[in-house]
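Thanks for asking me to look this one over with you. Please keep the structure open while you read, and find each residue as it comes up.

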Amino acid sequence: MYKVLIVDDEAIERRGLRKIINDAFSTIVIEEAENGRTAILKSEEFRPDVVFMDIKMPGIDGVEAAKEIKKMNRAVQIIMVTAFDTFEYARQVMKIGVKDYILKPSTKEEIISPLKKLLAEIEIEREKRTEEIILKDNYRRALSIVQSRVITSMLLDSSNARNVVEFEWEETFQKESFVMVFEFKKRNQKTTYKETNEYILFLQSELSHFFHENFIGEEVMGRLPVLVQLEDKDVSKRNQIRDRAMTCGKKIIIKSRNYYPDYDLSVGIGRTYDEMEKFIQSYHEALFSLSSLKYPYLCQYYNHHVREAGEGDNVGYPYGLEKKLLEAVTTGVVEEVPLQFRKYMDVLIRYCEMSKETVEGRISELYVLLSRQVVDSGIPIIVNQPARETNSPSVLQEELTKIASHIQSMYYSQNKDILLIAKEYISKHYEKALTLEEVADVVELSPQYFSKIFKERSGSSFIDYLTKIRVDQAKELMRTKGRSVKEVCFEVGYKDPNYFSRVFKKYTGVSPSDYRHTLV
């Protein structure tokens, strides 16, 4: 549907023009104005697509009215109507962006022809705007998905954080932050994807009232990790962040019970850190806080459970050793497990000041983290919490070694060595837009887990390994085939020659052109 405004001080002219347009077009709504002032007021409310504007009118003439209407709506198309065929009028209306004008008296064809032309242009513009809106919406959705995966990868595997978070992402995330984990479940029934997504949007909306900068990770088995960034003004008020986060969690739980009474919701909160690699600690702390809750509708901050590092004998909790132990187990490096376990236990016992109860609590936390990593990584095994009476170091070490051995037998057997399969696939497909997700799918692992074990076993990240393959092949092509830099770029899997040149120089120290000159 289109809107047309007819502006003329003579009623007979307005009626005649209305009839001609109505007879020719069935999808046009028409309004009238008897002078320039009325035309300006009506245009603001009616928002016409096309205006037929008489030039000579008492008071505000057609040229001035057209100027004002154009100021309000630059997209409006104006056809000037005049009985004066003079160059001065034509010059004035063209200056304000009028594309057509007709002379009185006019034939039907002289009126219909320019109107058809303008309506066709308007339709093209509408389609372009619709396409732009769809593209922007798709981009926002795609960006949200990518961002969610980045957050999830960063929290599940801090050793891979720098590989996942490149360039513009790193600047986005390298701020003081803490992690909240929302655990939710709909009682007595499964939720659909639409219901889960709606509930996540509710959580994000409520969270934004307390912390404007927050990044949602991927929901897995009813647990949603959120990286919450502190604004500059909040950094100096660290002692207030805990209270604010707890207030936030409790109020979201109250609102959830009101708006979603069928959902059980609990919230775990980790401590604040200022380095990207340490956000995984906050994530683990939030998970442990959740694991200690016996009932739903509770919110727990990690500091309620453990002392801050630096108290007592000044031995801090061995996060680094804990991380190495968990990596050895989940990547199936059996021979590393006993060594890493002993190192971890030595420091843990000193940290807990020989308190058996405190050590057991930390071991319980370790198993919560291990179980979570196994689930999130897609490893098809169940990690059971050991009974307290079997919590001796030797039994625990044996149990962890068994888990690692089981993982190794699943993925690293002679017939199914995932690293060899992955490398072979990369060598055959490096020339296309190859992604970590695609290769992970080939070896039947989750992207996060595949990324972790690939780096553990190959000594380099997936992207570094793929880049090295491509750069080595590019050097070979320039050396033996005499291809241009642009041709080589496309043949080794890159779409942008400028980006290829930057990558090549980063890995070789020289640009592709300079490298070619060294071959002469």
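Here are my notes, point by point, on a predicted model.

1. **The sheet.** Start with the open sheet: 5 strands, ordered β2-β1-β3-β4-β5, with parallel pairing. Strands β2 (28-33) and β5 (100-103) are at the edges; each has a single partner strand, so one side of each lacks a neighbour in the sheet. From one strand to the next, the twist averages 20°.

2. **A helix on the sheet.** Next, look at helix α1 (residues 11-24), which packs on the sheet and touches β1 (2-7), β2 and β3. The direction of α1 makes about 175° with that of β2.

3. Now follow β3 (residues 50-54) and β4 (residues 77-82): they run parallel and are joined by 5 bridges. Within this pair, M53 is found opposite M80 in β4.

4. **An annotated residue.** Strand β3 also holds D54. An unreviewed UniProt entry places the feature "modified residue: 4-aspartylphosphate" at D54. Is D54 buried or exposed? Its relative accessibility is 4%, and buried means under 20%, so D54 counts as buried. Beyond its neighbours within four places in sequence, D54 is in contact with V7, D8, D9, G62, V81, T82 and K104.

5. **A buried charge.** Finally, move to E322 in helix α12 (residues 319-330). E322 is buried but has no salt bridge. How far away is the nearest side chain of opposite charge? That side chain is R362, at 5.2 Å. Setting aside neighbours within four places in sequence, the contacts of E322 are H284, Y317, Y344, L366 and L369.

Conventions. Residues numbered from 1 in each chain as written. Predicted model: local features only at pLDDT ≥ 70, side-chain atom pairs only at ≥ 80, totals over all residues. Heavy atoms only, no water. Pairing = 2+ DSSP bridges. Helix = DSSP H or I, 4+ residues; strand = E, 2+ residues; numbered from the N terminus. Axes fitted to C-alpha atoms, helices over the stretch in contact; angles between N-to-C directions. Contact = heavy atoms within 4.5 Å. Buried < 20%, exposed > 50% of the residue type's maximum accessible area, 1.4 Å probe, protein only. Lys, Arg positive; Asp, Glu negative; His and termini not counted. Salt bridge = Lys/Arg side-chain N within 4 Å of Asp/Glu carboxyl O. UniProt positions renumbered as here; feature names shortened; annotations may be inferred.
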